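Work through each solution in order, with the model in view.

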Amino acid sequence: MPLTTSLARGVAPATPGTLHARTVTDELSAPPRPGLTLRFGRGEEPDVDLGVGVDDLGVSRQHGELSYRQGLWWLRNTGQQLVRLPRGRMMHLSTEAIPLDTGYTPLFVKGSGYREHLVELYVAGHDDHGPVSRRTAETVSPKIWALDEDERLLLVVLGQRYLLYEEDPRPLSYSVAAKQLAYLRPDAGWNERRIEHRIEAVRRRLDRAGFRYPLLHDKSEGRPGDNRLLHNLIKGLVESTTLVPPDLDRMEDDTAWPDSAP
C-alpha cells in the first residue's frame, strides 16, 4: 500500500546525521555510520534497500546509492537514466557523488517516457525537533521585484508565452516584440535598440538586488547569448509572481497584432 506521509513535513527527533528515505512503496531510516551504503532502485532485497519505480523498466534495478563518509551522506547515480535534483540539477552515471544538505531533499528518478519517480530524503540536523505545525502562521510572501510601467509592459510582451504557462517557453525576439509594442504604443518610440537597452538596465538592477538566476555575462565563461539571460529574467519574474497572467490584459486587441512567430 502506498505511503501517505511526506518527509517534507519533517521527521521525529533523531541522532544528527540520521538519514530518512521514502518512496511511494518503501521507506527506511539509517544511522550516520561511516562506511554504510544504501542502494535504491527497481530491484529487490538484498540488491537494494529502498524500492523505487518497481513497475517501470526504465528504472535500473540499482539506480543509485547513498553512502556515509566524512560526516556526510553522499548521493551517486548508478543507473542508466538521469536523476533530477532541486533547481533542475541532473546527475548522470558519470557524475561525481554529491553531499546531501541537512534537511529535506527530493530527487526524481527518470523512468520510461515522461515518468519520474520521487525519492524523498531527509538528513536529521542538530536543531530538528520533530514535525512542527505552522497552520496558523503568517504566509511568507514571495519576493516581488519593482518594475515601472514601461518595463512591465515590455516584459509582458517578451514573456507572454511564460504567462500562458506554455511548456518549455522562450522569449519573443526583440524584432517581434518591437512590432507588437509599436502597435500598442505607437508614440512611445519602441524599437529593437531601445528594448535591448531597457532589458539590460533591468538585468543589471535586479542582479545587484540579489535576483535568483544569473542575469549578467560571466566573462570567464565567454559571452553567452542574450536570449539565455532574458530567459532567466522572465522565468524568475514569473516564478516570483512579479509577472502574473492578468498582466496579459495589458496587451489589448491581440487579434490584430503582427505575427508573433519567432
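**Exercise 1.** Determine how many helices and strands the protein chain has.

*Solution.* The protein chain has 5 helices and 11 strands; helices (H or I, at least four residues) and strands (E, at least two) are DSSP runs, numbered from the N terminus. The model is predicted, with local features requiring pLDDT of at least 70 and side-chain atom pairs pLDDT 80 or more, while totals for chains, interfaces and linings use all residues. Residues are numbered from 1 along each chain as its sequence is written, and side-chain values use heavy atoms, without hydrogens and water.

**Exercise 2.** Describe how helix α3 and helix α4 are arranged, and which residues make the contact.

*Solution.* Step 1: the axes (lines fitted to C-alpha atoms over the stretch in contact, with angles from 0 to 180 degrees between N-to-C directions) of α3 (residues 174-184) and α4 (residues 192-208) come within 9 Å and cross at roughly 105°. Step 2: α3 and α4 are therefore roughly perpendicular, a term for angles of 65 to 115 degrees. Step 3: the contact (heavy atoms within 4.5 Å) joins Y174, S175, A177, A178 and L181 of α3 to E192, I195, E196 and I199 of α4.

**Exercise 3.** Identify the residues through which helix α1 meets α3.

*Solution.* Step 1: α1 (residues 149-158) packs against α3 at about 125°, with axes 9 Å apart. Step 2: on the α1 side, the contact is made by L153, L154, V157 and L158. Step 3: on the α3 side, Y174, A177, Q180, L181 and L184 take part.

Notes:
Parallel < 35°, antiparallel > 145°, perpendicular 65-115°, else oblique.
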